[in-house]
Amino acid sequence: MTNHYVDLKNAKAFLIEGSNCAENHPMSLRWIMKAKEKGAVIIHVDPRFTRTSKLADIYACIRPGTDIAFLGGMINYILEHHLYDETYVKQNTNCYFLLKPEFKFEEGVFSGYQEGKFKYDNSSWGYQLDPQTKKPLKAKSLDDPNCVFAQLKKFYSRYTLQTASEITGIPVDTIKLIADTLVKNRPGTIMYALGITQHTTGVQNIRSFGILQQLLGNMGKAGTGVNALRGEPNVQGSTDFALLFNYLPGYLSYPNHDQQTLKDWTKSSGTFRAKFLVNLLKAWFGPNATPENDFGYGWIAKKNKGKNYSIFRIFETAVEGKMKMLYVMGQNPMVTSPNLNLVHKGLSNLEMLVVADPFMTETAAFWEKPGCDPKTINTEVIFLPAASFLEKQGTKSNSGRLVQWCYTKINPPGEAKTDLEMVDLLFNRIRKLYAGSALEKDQVFKKVVWNYPKENMYETVLQEINGYNLKTGEHLKGIGEIQPDGSTSTGNWVYAGCYANAKNLTKRRDNKTDPSGLGMFPGFAWSWPGNMKVLYNRASCDEKGQPLDKERPLIWWDQAQKKWVGFDTPDVPVATDGPDTPNGQKPFRMSGEGVSRLIAAPYKDFDPKNMDLPRDSSSTPADGPMPEHYEPVESPTANKLHPKVASNPCLKYPRLKADQPIGKHSEFPYVLTTSGIAEHWCCGAFTRNVPWLNEISPETYVEIPEQLATKFRIRNGSKVKVWSARGEVVVPAMVTKRLRPLKINGEEVFIIWMPYSWGFKGLSQAASTNLITIDAGDPNTWIQETKACLVNLARA
Amino acid sequence: MDLSRRDLLKAVGGAGLAMTALGLDAKEVKAATADFRIKGAQEYTSICTFCSCGCSMLCHVKDGKLINLEGDPDHIINEGALCSKGASMGVIPNSDQRVKTPLYRAPGSKKWQPITWDEALDKVAAKIKQTRDDNWIATEKDGDKEYRVNRTDAISFLGGAQNHNEECYLMTKMSRMIGTDFVEHQARV
């Protein structure tokens, strides 16, 4: 979230798209309803009429996988009718920056597309640069045809309301009504969840939100933002701590094979981030990390630049016989991953599987899956009983980046242990096994600092994460104290300051002090970075640094104190650099440009004092600098904009031909979309072991629109077989008005819906929906397209 | 009035009419039942384990056992409320479905067998070492150039969104020391 949960009460308009927050993020509703009581308008865009739709003022039924067309229609309407906040756009975005004249978008692809390689050479997407300073050249007016704004307008001009309507199934008038409502009711916020990310265009869906909010001036202010309602209790934290192949903690790019030295890495990521990498290496290797040995950078594995190491490749390389061993900590891919038959094949081909979990899961017991013969499965499996969250300490980070301490006063049952203790015990054993080795590859085990006491282990680790001034031994008080020379350490720079002055700030509980009245509560727990509640809050001020929204001021420049001050931590590079300095005009300082990017051009920013290495580097999506509508891999219709380039051209799928068949519309006429429900959650390992929840929601089912049910003579409770090119399930039907046929490109399209939280373990057992879903993934995030695949159905 | 706790609960659960019939004030009844349930209990707070709202739970413990769990009224986000899933979490520490010892399933076997922690961790550590040693990639060629990569592609780690930050951090640290790049979690699913 750019903002935070309590801040929702400050919005005047809500665009909730791809989220059923009433069921899946119930407490967000508490704050939405407070805003509604004050007159806020709620808009819900979703393929299914849900409990969230019921609370909405405007509901739009959208075909799964067409969000870019819907948002594109609104963006074009706002651009064409000059409904954007021109002052905001000019002050806060790259609208004036000149793009290279060779940048083009033609027949469904951007310039630089490499046919057959599923990727772009993005050099033509960059800015025209000043040869001396390497800074982008700017146009004199927004009418300059090469400037970002003019290119944006030209690109979006294809997205007329009519085109958007024909692609999405939303009536023209509804799209127009939603756009007008968002224009008239500001500040406005956008909330989304997996309904936006689980597509082969997930990143570009979110980019569309970013563009829309920039045009509306809805970023960096109270009641605005692009707010991800993340799907797990600490998925914000686990992402921050880089349990992802392509990052190190704090979103530092993971080193590639051609980045052999810290300098090589800095050439690509910039000196601003190199400082944080040095501090991470100091946290990991302690005194063994020195400037002379590149702070131990060489001891870290280098990934192959061209390879994908995402979760899908774990199972696929297992199928290929390359992956030998998998350690799973509190995840259950045998329910939650798409295309489960492939997952099962991968697990069956491992030499060893280790699963740590409070409950027996379908993943650990994959060899007991109904219909499979354990004798033929040679995987050794070890199950480690884990403590539940109620039986351990430590911090969790919510979607609003609020880092909160969990206490406990009970022990885990039986011999169960916390995952922290397990990892510690395991790593110490591995180190011991390597203690006698003189081989170079094993030196890393001698160099790493790993010495955690049994008592207060969580708090000790949190202090390592926060980091230290290594000269004084004191905790770092914030990111500002981090030094590039090895004199400080931090295990995750965005968390620096969470443990300041020997105090664990995540334990703070001041729920009374909120001088802003906006629900910021600066003394309650601690938010990263630097206890900042609203990211990009510099954009809430005018050029001179004064709040634009007088009713909801966040920060401002105080001329008397010569300092940025306010109710929130000012999001500025240096608190004492005023609006008359370059640093005082960087509302989006985490991008290389210092402003937000309507077009995400590749860019490296240089400090005039160091033209040798970039200061910072802006990232660009693999599949284009602007969001283009591509159909899902399995689509019920042609791509209206460019039939020859139907789906995302950067998508490589199938990756394993035999296990990843693509269903044709002629054989699989219906669109399946999946999501969670209020009573069961994700894989269900917890909720399906709670009798109360099983009583409320005892089994899986398929929701079928009335018109389709009539055609198949399906009644409520009838057993229905649903199958795709990948698998089939038999489940009871729920005939519903909540789904309805859509008119797409002049044809009728039916959508059906299923929850996905069931499997063959736990107190409530039923077929897993993910047996039929598709594992094609977004080319930036490799998130699978579980929100749209093609199926057929029949009475069972 | 001599009422058992069950009678009181019935009265509360049976809606306002029943309470009025008994001549009870709803507020007092609620307070009294809460008092019975948690009298003498120790209290702690935790953060819910489902969506990412970050709601706080108030937990009560007697004799080392969790006896009550409810929304934390002093929390800025949930202000005492919990959803259906969160409110049911008191079941988890006391569930007979919890696995209480490490288990082992041999290749081709039809069943689990309990093993000790030492056996389990020794097996895992030995397997990690063997797999790492047998599948070590010291260098890799790209075009004409040979690069040092210090890596194994045969070991993978998965999970973390259910874990606390400190656990995620140590998992990252351990897996990156072992030298694998297959380090992933629920953010993609």
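**An enclosed strand**

Guide: We begin with strand E24 (residues 670-675) of chain A, where six of the six residues are buried, so the strand is largely enclosed by the rest of the structure. A residue is buried if 20 or more other C-beta atoms lie within 10 Å of its own, exposed if 12 or fewer, and partly exposed in between, with C-beta atoms placed from the backbone. Strands (E, at least two residues) and helices (H or I, at least four) are DSSP runs, numbered from the N terminus. The model is predicted: local features need pLDDT of at least 70 and side-chain atom pairs count only at pLDDT 80 or more, while totals for chains, interfaces and linings use all residues. Residues are numbered from 1 along each chain as its sequence is written, and chains are lettered from A and ligands numbered from 1 in the order in which they are written.

Visitor: Which strand runs antiparallel to E24(A), and which pairs with it in the parallel sense?

Guide: Two strands pair if DSSP finds at least two bridges between them. Strand E31 (residues 789-795) of chain A runs antiparallel to E24(A), with three bridges. Strand E30 (residues 751-755) of chain A pairs with E24(A) in the parallel sense over five bridges. Leu672(A) stands opposite Cys789(A) in E31(A) and opposite Ile752(A) in E30(A).

Visitor: What is the strand order in the open sheet of five strands?

Guide: The order is E3-E2-E1-E8-E9 in chain A, with parallel pairing. Strand E3 (58-61) and strand E9 (226-228) each have a single partner strand, so one side of each is left without a neighbour in the sheet. From one strand to the next the twist averages 15 degrees; axes are lines fitted to C-alpha atoms, for helices over the stretch in contact, and angles run from 0 to 180 degrees between N-to-C directions.

Visitor: How does the radius of gyration of chain A stand against the globule rule?

Guide: Chain A holds 21 helices and 31 strands. Its radius of gyration is 26 Å, close to the 28 Å that the globule rule gives for 796 residues, so chain A is as compact as a globular protein of that length. That radius is taken over C-alpha atoms, and the rule is 2.2 Å times the number of residues to the power 0.38. In chain A, 58% of the residues count as buried.

Visitor: Which residues have the most contacts inside the largest nonpolar core?

Guide: A nonpolar core is a set of buried Ala, Val, Leu, Ile, Met, Phe, Trp, Tyr and Cys residues joined through C-beta atoms within 7 Å. The largest has 285 residues, and those with the most contacts inside it are Phe14(A), Met74(A), Ile75(A) and Val354(A). Two residues are in contact if their C-beta atoms, placed from the backbone, lie within 7 Å. Beyond its neighbours within four places in sequence, Val354(A) touches residues including Ile382(A) and Val124(B).

Visitor: How many residues does each chain give to the contact?

Guide: Chain A gives 131 residues and chain B gives 105. Strand E14 (residues 380-385) of chain A pairs antiparallel with strand E4 (residues 103-105) of chain B over three bridges, and Val381(A) has Arg105(B) as its bridge partner.
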